[in-house]
Amino acid sequence: MLTQPQQNPVPVWLTILRLLRWDKPAGRLILMVPALWAVFLAANGIPPLPLVGVIILGTLATSGAGCVINDLWDRDIDPQVERTRDRPLASRALSIQVGIVVALVAMACAGVLALYLNSYTFWLCVAAVPVIIFYPSAKRVFPIPQLVLSIAWGFGVLISWSAVTANLEPATWLLWGATVLWTLGFDTVYAMSDREDDQRIGINSSAIFFGDYAAEAVGVFFIGTAGLLARLGVVMQLHLGFWLGLGIAIALWAWQYTRLRQKDLPRPVYGEIFRQNVWIGFIILAGMIVGAM
């Protein structure tokens, strides 16, 4: 059933920015980070600046489109979840029609940017579209929907790497695997704040799937991430800067794991740990740039 937008004193363009989640940069940046990992490593630390610009703009457009598509799928679920009930489509601040138009415009912008890339990379972009569109439905039928999101995140690595080399190499898949595991880790943390609401509504999440062992699962995902990144450093013969950055990341992940094991954590703590992973990602990126040059 089509819904009509409610009266909203906030300017429409600001509400659309909220719909795209551009008012919450952490989620946009954490998608951008693996794509930047890939483009800098593939280019030995010095990628063409126009290509970096295309990747940054492409991740902003793609992640924005993904958020709108997610909210379209969940417009009747989000009002029942404390964290999401004020989203523009859930609160009816924007209509479904506006949401569809915004999603199409964002995808069109990403498509125009993809035309800058080589044909191999362009078709990888096309292959990512079904994952982006259908990820939000995964929570209804798949016990670990965060894995689907992780695969979508992994496309950022494949697209960015191949944009430099026009192919995929063994090192690419090591980085892809690290990205998938890292995403499983931080998105499970994100899901831990919604466990009670998700269980009441009857939708799936990795936090529910792992239950009392969710913190341990996050720890395993972060260990796997560190292991694959270390293997990548050996394969690519990265220098000291990379190992320093990875060492800092491992220490921070260990500290996060100890916090997650505490009982009765307040909900905001899970969001804090999620946002900390943005900075961890950029620390690793800095190490990769220095270590690859």
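**Helix packing and cores in a predicted model**

Q: At what angle do the axes of H2 and H7 cross, and within what distance do they come?
A: In general, a pair of packed helices is described by two values, the angle between the axes and the distance between them. In this predicted model, the axes of H2 and H7 cross at roughly 165 degrees and come within 11 Å. An angle over 145 degrees counts as roughly antiparallel, so H2 is roughly antiparallel to H7.

Q: What is the handedness of the crossing of H2 and H7?
A: The crossing in which H2 passes H7 is right-handed.

Q: Which residues of H2 and H7 meet?
A: From H2 come Ile30, Val33, Pro34, Trp37, Ala38 and Leu41; from H7 come Leu175, Thr179, Trp182 and Phe186. By type, the residues of this contact are nine nonpolar, one polar and no charged.

Q: Which residues of the largest nonpolar core touch the most other members?
A: They are Leu175, Leu229, Trp253, Leu260 and Met288, in a core of 67 residues. Elements giving two or more residues to this core include helix H2 (25-42), helix H7 (170-192) and helix H12 (267-292). With 13 residues, H2 gives the most.

Q: Which residues is Leu260 in contact with, leaving aside neighbours within four places in sequence?
A: Leu260 contacts Val189, Met192, Ala215, Val218, Leu265, Tyr270 and Ile273.

Q: How many residues are in the second, separate core?
A: That core has 11 residues, among them Val68, Leu89, Ile96 and Ala103.

Technical notes: Residues are numbered from 1 along each chain as its sequence is written. This is a predicted model: local features need pLDDT of at least 70, side-chain atom pairs count only at pLDDT 80 or more; totals for chains, interfaces and linings use all residues. Side-chain values use heavy atoms; hydrogens and water are left out. A nonpolar core is a set of buried Ala, Val, Leu, Ile, Met, Phe, Trp, Tyr and Cys residues joined through side-chain atoms within 4.5 Å. Buried means under 20% relative accessible area, exposed over 50%, partly exposed in between (1.4 Å probe, protein chains only). Helices (H or I, at least four residues) and strands (E, at least two) are DSSP runs, numbered from the N terminus. Contact means heavy atoms within 4.5 Å. Axes are lines fitted to C-alpha atoms, for helices over the stretch in contact, and angles run from 0 to 180 degrees between N-to-C directions. Angles under 35 degrees count as roughly parallel, over 145 as roughly antiparallel, 65 to 115 as roughly perpendicular and the rest as oblique. A crossing is left-handed if the near helix is turned anticlockwise from the far one by less than a right angle, and right-handed if clockwise. Ala, Val, Leu, Ile, Met, Phe, Trp, Tyr, Cys and Pro count as nonpolar, Asp, Glu, Lys and Arg as charged, and the others, Gly among them, as polar.
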